[in-house]
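The report is meant to be read beside the sequence and the coordinates.

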Amino acid sequence: MFKQNRVFSIISFVFIATFILLRGAAAQPQNTGFLYPPYFGTTTVNSIFDHEYPVYDDEIKYVGEAITTTLMHNDGVRYQDTANNIPGYSGHDGIDYGLRYQYVLASHAGTVLEAGWDDPANHRLNLGLAVQLETTHNGETYQTDYGHLSALWVSQGEMVDAAGDLLGISGSTGNSTGPHLHFSVHDTADADMNPYGWGGGAIVDPWSQVATGMVSLNLWADRDGNGTNDPPSISNSTVYSSGAVLAPTFTDPRLTPDLAISTTYILDDSDDEFTTIGLWQTETCAAATDCYEDEWHHTVISDVTAVWQPAAGELYAQEYDLYAYIPQGATTTQASYRINHNSTYHWAGIRQNGFFASTNQRWAYLGRYEFTGDGSEYIQLTSKNEGIPGTDDEVTGVNIGRRVEQRHWKLLLRKQRDLTFRAGDAGASPRRACTSAAV
Ligand SMILES: [Zn+2]
């Protein structure tokens with residue numbers, strides 16, 4: 001999956017680097033930059049790239065010697081983690097942007113190498129729901145990773161036509177303590193690189209010393225044509241330079257459904273399109289904020305699945321915006337939805353207990369999906385393996401809104417419980433939390 005073993009990656013890199021050296025002193029390709037911002041508007045950088053040992057799993061020199069340090073390196077200065085108001089932590093191999101359930105954009109055209117759970121067996125591991133794009137630029141093959149998403153709009157093998165195309169919605173899946181976008185860039189040899197380049201001037205980039213050929217290039221495209229790289233727009237620009245705001249160029253779907261539309265249609269867990277597998281029980285809502293419109297909900301006492309399958313002809317053949325209702329007090333760390341539509345499927349996952357504020361009920365946007373309405377399509381909610389039987393997690397509804405025309409359909413998927421991440425699983429990951437570094 002995504003960046004699964006850096007030790008091997010780096011070893012293989014050494015071979016490839018050797019190969020490159022044997023090819024002769026070919027001139028480094030002129031890098032003009034090709035990356036576009038992975039988001040609209042402006043956000044914060046919550047965690048920078050550690051130039052010293054950006055080896056995420058743990059800090060290992062390329063010779064295989066494990067090191068222990070809490071120091072990180074940025075632009076010529078070593079810092080204790082988070083000291084001196086530098087956001088980041090030792091070993092971080094990418095950039096964390098402070099997106100909160102917002103659109104995530106392709107930073108370049110390319111092929112979708114991966115789109116799904118980093119570890120299908122554990123949705124709380126690594127990058128969670130993530131996309132990896134690949135492209136070739138100036139003779140070098142690059143991959144970009146977009147991690148901790150809540151919903152995907154692309155699937156594996158798909159072509160992304162242009163930078164700025166939608167990949168999904170940011171979130172907090174995987175090993176994440178709060179919603180953000182983990183963005184990382186690596187090259188043919190799977191060597192991490194900082195797309196902002198190295199700002200240390202005459203001081204040698206530490207990353208270039210870890211292994212031959214490790215480079216830090218400013219890969220941001222020159223968007224305004226003035227000859228300089230234009231990074232994404234950030235509000236804490238003491239960390240990296242800030243570029244111009246990238247404005248949406250498409251018609252935005254609604255991040256929250258318009259419930260005022262009179263033709264809104266709600267499908268919930270009390271209708272006959274809702275079926276369950278496993279041990280479920282129903283409860284009435286203790287408070288209106290516990291359920292959507294004060295209706296009843298389901299709880300579970302073991303791993304279970306719930307499916308909402310609209311009947312043939314109920315949905316028109318077109319794209320729908322899909323929403324999940326997050327009730328107040330929801331405690332689920334990973335509500336996982338599989339959206340089977342138009343002979344394919346996508347995943348969405350919501351960390352309900354961190355969705356904006358736990359005191360707020362609201363809709364979570366799960367992306368836009370094309371349905372045929374042939375009756376075979378469904379949305380499945382499952383506890384995966386995160387559940388603790390008997391615990392009091394809440395799960396949610398889902399809402400489908402039609403993209404165009406005046407009529408909106410809504411499919412409200414209702415509650416499930418039992419999705420709390422097992423405490424024992426936390427230690428199973430050798431990786432650190434990709435923190436949101438709330439500043
Ligand atoms: Zn990160």
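## Basis and confidence

This is a predicted model, in which local features need pLDDT of at least 70 and side-chain atom pairs count only at pLDDT 80 or more, while totals for chains, interfaces and linings use all residues. Residues are numbered from 1 along each chain as its sequence is written.

The mean pLDDT (the predictor's confidence in each residue, from 0 to 100) is 72 for the protein, and 61% of its residues reach 70 or more. Confidence is lowest in helix α3 (residues 423-426), with a mean of 25, and highest in strand β14 (residues 233-234), at 97. Over residues 4-30 pLDDT stays under 50, and the model has 28 contacts beyond four places in sequence for them; residues 384-394 also stay under 50, with 43 such contacts. Where pLDDT is low, the predicted coordinates should not be read in detail.

## Overall make-up

The secondary structure comprises three helices and 24 strands, taken as DSSP runs numbered from the N terminus (helices H or I, at least four residues; strands E, at least two). Of the 439 residues, 50% count as buried, where buried means that 20 or more other C-beta atoms lie within 10 Å of the residue's own, exposed means 12 or fewer, and partly exposed lies in between, with C-beta atoms placed from the backbone.

Among contacts between residues at least 6 apart in sequence, 73% join residues at least 24 apart; a contact requires C-beta atoms, placed from the backbone, within 7 Å.

Strands β3 (residues 71-74) and β4 (residues 77-80) pair in the antiparallel sense over four bridges, pairing being assigned if DSSP finds at least two bridges between two strands. Met-72 stands opposite Tyr-79 in β4, and Asn-74 has Val-77 as its bridge partner there. Two residues lie between the strands of this hairpin, in which Asp-75 takes a positive phi near 50 degrees.

## Val-307

Val-307 lies in strand β18 (residues 305-308) and is partly exposed because 17 other C-beta atoms lie within 10 Å. Not counting residues up to four places away in sequence, Val-307 touches Thr-275, Tyr-378 and Gln-380. The C-alpha atoms of Val-307 and Thr-382 are separated by 8.7 Å, although the two residues are 75 apart along the chain.

Notes
Two residues are in contact if their C-beta atoms, placed from the backbone, lie within 7 Å.
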